[in-house]
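Welcome, and thanks for opening the viewer. Let's take a short walk together, one selection at a time.

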Amino acid sequence: MRKMANGFNEAVIGQPHVMKQALASIYSLKSSKRKRPVTLLFLGDSGIGKTETAKYISSCLGTDMVRIQFSMQQTNNAYQYIFGADHGEDSLARELIRRSSNVILLDEFDKVSSAFYNAFYQMFDEGTFVDANYAVDVSKCIIICTTNYRTEEEAEKYLGTPIYSRFSKVVTFNPISVGDKLKIARKCYASLMAHVDTEDKKLIENNSVLTLFERVIIEGAYPNMRMLKNDIEDAINFEILKARDIIK
């Protein structure tokens with residue numbers, strides 16, 4: 001937990017309050033008498049650090065988190081996936097049984113039909129996920145649900161009070177300031193350039209990629225930080241290709 005606290009602001013820039021709130025709930029797992037998981041609901045726009053925070057928590061514990069994309073569960077098979085179908089078919093319970101980590105990310109939790117949330121009541125309350133075939137112990141897990149809702153009021157309205165009230169902690173991620181976006185851009189650029197081989201690095205040592213992105217950010221672009229790293233990487237590769245006369 002000290003490791004989570006000390007390194008968070010460097011790993012996830014622009015959300016200094018998040019780990020303080022999360023750790024207050026995570027600490028309760030220290031009690032051997034606790035029989036239910038810690039359940040965290042992360043609110044906020046896409047690309048501002050919710051998934052990265054879940055990955056960071058998992059990395060501090062030395063595990064690879066279980067990531068379940070609820071945006072993929074909007075078909076006719078969603079009911080069978082969540083409530084269980086035939087033995088041997090893919091299901092949420094089977095994924096939980098096979099897990100190698102007690103950090104579980106239910107990504108885009110708001111994308112599944114609210115009619116399915118009652119499947120999680122016992123899971124959140126008692127630490128057991130039950131479907132038609134299995135009962136899975138998740139009592140010592142950290143379960144993180146992400147949504148794109150911006151406020152607690154909005155989340156409770158659309159998720160519904162029965163599931164909303166079962167979360168250990170609701171954490172709202174703030175929009176990232178221009179100053180923090182610049183820090184993220186510089187960190188991304190440095191990380192990407194560190195992986196460019198020596199020959200290519202010499203070809204573009206005077207490139208203006210970072211300066212360009214800093215200007216664009218100051219002018220108000222990039223609400224979504226997830227796109228930024230990809231775009232910086234493409235720009236660096238573009239400079240290398242130009243320097244090698246592969247493109248004009």
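How many residues does helix α9 have, and how far does the helix reach from its first C-alpha to its last? Select residues 178–194 to find out: α9 has 17 residues and reaches 24 Å, close to the 24 Å expected at 1.5 Å a residue. Keep in mind as you look around that this is a predicted model.

Stay on α9 and colour its buried residues: Asp180, Lys181, Leu182, Ile184, Ala185, Cys188, Tyr189, Leu192 and Met193. An α-helix has 3.6 residues a turn, so residues three or four places apart point the same way. Now, what covers the buried residues of α9? Show α10 (198–203), α11 (209–218) and α12 (225–243), which are included in that cover.

Next, pick leucine 210, found in helix α11. Leucine 210 has a relative accessible area of 19%, and because buried means under 20%, leucine 210 counts as buried. Beyond residues up to four places away in sequence, leucine 210 touches Ala185, Arg186 and Tyr189.

For the last stop, move to helix α2 (residues 16–26) and select serine 25. Is serine 25 buried or exposed? Its relative accessibility is 9%, so serine 25 counts as buried. Leaving aside neighbours within four places in sequence, show what serine 25 is in contact with: Val38, Leu40, Ser168 and Lys169.

Key:
Residues are numbered from 1 along each chain as its sequence is written. This is a predicted model: local features need pLDDT of at least 70, side-chain atom pairs count only at pLDDT 80 or more; totals for chains, interfaces and linings use all residues. Side-chain values use heavy atoms; hydrogens and water are left out. Helices (H or I, at least four residues) and strands (E, at least two) are DSSP runs, numbered from the N terminus. The expected span of a helix is 1.5 Å times one less than its number of residues. Buried means under 20% relative accessible area, exposed over 50%, partly exposed in between (1.4 Å probe, protein chains only). Contact means heavy atoms within 4.5 Å.
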